[in-house]
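Please walk through this structure with me, one group of contacts at a time.

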Amino acid sequence: MAPATIDTNQATAFGATVRGTVIRPGDTNYDEARAVWNGMIDKRPALIVRCRGAADVIAAVNFAREHDLPVAVRGGGHNVAGTAVCDDGLVIDLSEMRGVRVAPHERTAWVQAGATWADVDHETQAFGLATPGGVVSDTGVAGLTLGGGIGHLRCAYGLTCDNLRSVELVTADGEYLTASEDEHEELFWGLRGGGGNFGVVTAFEFDLHPVGPDVATCLVFYPSDRLTECLQAYRAYVKSAPKGVSTLVFAGELPDEALFEGNDIHRQKFAVMGCYAGHVNDGERKLSPLRTLTKPIADLSGVRPYTEFQQFLDEDYPDGMRYYWKSLYLDGLSASVIDRIAYWAEAAPSPLSTVDIWQLGGAIERVDAEESAFAGRHAPFLLGVEANWERAENDEANVEWVQDCLNDMRQFSDGSVYLNFPGFLEGGEETMRATFGPSYERLVVLKDEYDPSNFFSRNQNVVPSGTTRTDGGATARE
Ligand code: FAD
């Protein structure tokens, strides 16, 4: 189908119906407005509307439907596949809707859907409270929450979506509704892990927990020639997982000039990063085994403000660099898995790339699998393969490395993936079915009810009955 065209008069008329701004090709801020975090993505929307509230979102959805425009929805713009933008369509950009209102006595926060985790942490920490977010503070709340959300508090307080009380959204036919345990319950089920398939979320309400202001953290760098024995010890630690501890391992060159010099800078390393959600003295004690797996190259562990820990990795993921990520739930951390992780970390063409292991379990597995659409509660670990590099001429080598690594690691997995990391999926609907299992059909029923024409298709797409998948991913590469 030829892309719909929007002339100046139509764009001006639409602009008059919203409080926010409408940006078009040729406007001075068009290139800035269409750019997303991943520099691999280069999409040219017909219109971008920076919404100021739910009324603008309703107007945008109605305008796109009436003019048959493809739609992309932008929260924080951090999706690796760049699903927040599209060619020739309308981008519903929520990045100016960043309000956060905390009710300290109820321990809840109402968060607009363009907020980042830095916005949420800033407001909630004023009251010594937090909800589990992601490990980089400028990631958007919206995309992360709708896909599940695994961060530094996950084993203590669950996924981000486990902490949702309600979701306010605009559906494909422009209807505004609230989904919660008491209203539109089935939709609420689907919004917790089913991604951006059912509407444009305008706000979330989260449960909060007492966290901080200081937390005990660990971040220890070790030489990779000791990876096998150390990860075996790490596996034993995690098995008896001290309650409240959430950890993450990343392996690669990790060439941090501020931290390492001489031979150390280009040496293969791995790091163990973790946090304890509770009293700092208990936390320091519980994290201490992770600091002595062998002799560290550097140890940045310590008690620090929660907000600082939440921002610790921000600088490692600058806007506009080139990124290609994938993920896979792992059955376990056997000696063979560890060997292959060591191999692939060393084989990375870019020194900035890493192979990551996310500890799962704890509060994540305590939630019943049927309680939400999220599909990864069964796995003890999640593998993340992150190619991060600077120059376009290295695209092919980096993408190939991720795909080869994934193909090899599938032998240690049931093939299901964490839908927030891979960006777009190689297997399309097949991977969605493998990931969601029996819940996929339940999601299709929900999609048929709320979005039968697949108006919201630039996402990890649940394909409604009777339609075929459209362009979907708005992605540079599968
Ligand atoms: P966007 O690119 O703005 O949106 C992505 C998709 O989400 C959209 O295409 C749309 O389908 C949907 N969406 C966004 N906003 C809305 C809305 N208001 N209504 C309906 N649908 C919407 N994930 C984790 O779980 N834990 C982490 O620690 C973590 N760390 C990350 C660190 C970095 C540097 C990056 C780049 C990503 C990280 N992620 C993490 C993955 C992250 O969860 C996803 O990339 C997520 O899509 C980002 O959300 P966003 O709002 O920024 O994305």
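Is Leu254 buried or exposed? Leu254 counts as buried, at 11% relative accessibility; buried means under 20% relative accessible area, exposed over 50%, and partly exposed in between, with a 1.4 Å probe and protein chains only. The model is a predicted one, in which local features need pLDDT of at least 70 and side-chain atom pairs count only at pLDDT 80 or more, while totals for chains, interfaces and linings use all residues. Residues are numbered from 1 along each chain as its sequence is written, and side-chain values use heavy atoms, with hydrogens and water left out.

Leu254 lies in the loop between S13 and S14. Helices (H or I, at least four residues) and strands (E, at least two) are DSSP runs, numbered from the N terminus. The phi of Leu254 is near 45°, a positive value in a residue other than glycine. Glu257 is in the loop between strand S13 (245-252) and strand S14 (269-276). Glu257 is exposed, with a relative accessible area of 70%. Together with Asp256, Glu315 and Asp316, Glu257 forms a negative surface patch. Patches are made of residues with over 30% relative accessible area and no salt bridge, like charges being joined within 9 Å and nonpolar side chains (Val, Leu, Ile, Met, Phe, Trp, Tyr) within 5 Å. Accessible areas come from the Shrake-Rupley method with a 1.4 Å probe, and for residues only the protein chains shown count as cover. Lys and Arg count as positive and Asp and Glu as negative, without His and the chain ends; the place of a charge is NZ of Lys, CZ of Arg, CG of Asp or CD of Glu.

Phe260 is found in the loop between S13 and S14 as well, and Phe221 in strand S12 (residues 214-223). Phe221 and Phe260 form an edge-to-face aromatic pair, 5.2 Å centre to centre with 75° between the planes. Rings of Phe, Tyr and Trp (its six-membered ring) pair if their centres lie within 6.5 Å; planes under 30 degrees apart count as stacked, over 60 as edge-to-face and the rest as tilted. The pair ties together parts that are 39 residues apart in sequence, because Phe221 lies in S12 and Phe260 in the loop. Phe221 is buried at 6% relative accessibility, and Phe260 is buried at 4%.

A search of the whole structure finds 16 aromatic pairs. One of them is the tilted pair of Trp117 and Phe206, with 6.0 Å between the centres and 55° between the planes. Trp117 belongs to helix H4 (residues 117-125) and Phe206 to strand S10 (residues 200-207), so this pair ties together parts that are 89 residues apart in sequence. Trp117 is buried at 0% relative accessibility, and Phe206 is buried with a relative accessible area of 0%. Elsewhere, ring pairs link Trp37, Tyr317, Tyr323, Trp325, Trp358, Phe374, Tyr418 and Phe421 into a cluster.

Next come the charged contacts. The count comes to 22 salt bridges, a salt bridge being a side-chain nitrogen of Lys or Arg within 4 Å of a carboxyl oxygen of Asp or Glu. In one of these, the closest N and O atoms of Glu186 and Arg442 are 2.7 Å apart. Glu186 is in helix H7 (residues 185-191) and Arg442 in helix H15 (residues 439-450), so the pair ties together parts that are 256 residues apart in sequence. Glu186 is partly exposed at 33% relative accessibility, and Arg442 is partly exposed at 31%.

Asp395 forms a salt bridge with Arg322, the closest N and O atoms being 2.7 Å apart. Asp395 in helix H13 (residues 395-409) and Arg322 in strand S17 (residues 322-330) are 73 residues apart, and the pair links distant parts of the chain. Both Asp395 and Arg322 are buried.

Glu429 forms a salt bridge with Arg433, with 3.1 Å between the closest N and O atoms. Glu429 and Arg433 are separated by about one helical turn, because they are 4 residues apart in helix H14 (residues 429-436).

The backbone has two further points. Gly212 and Pro213 are joined by a cis peptide bond, with omega about 10°, and Pro213 is found in the loop between S11 and S12. Asp68, in the loop between helix H3 (54-66) and strand S3 (71-74), has a positive phi near 55°. Most residues other than glycine have a negative phi, and most peptide bonds are trans.
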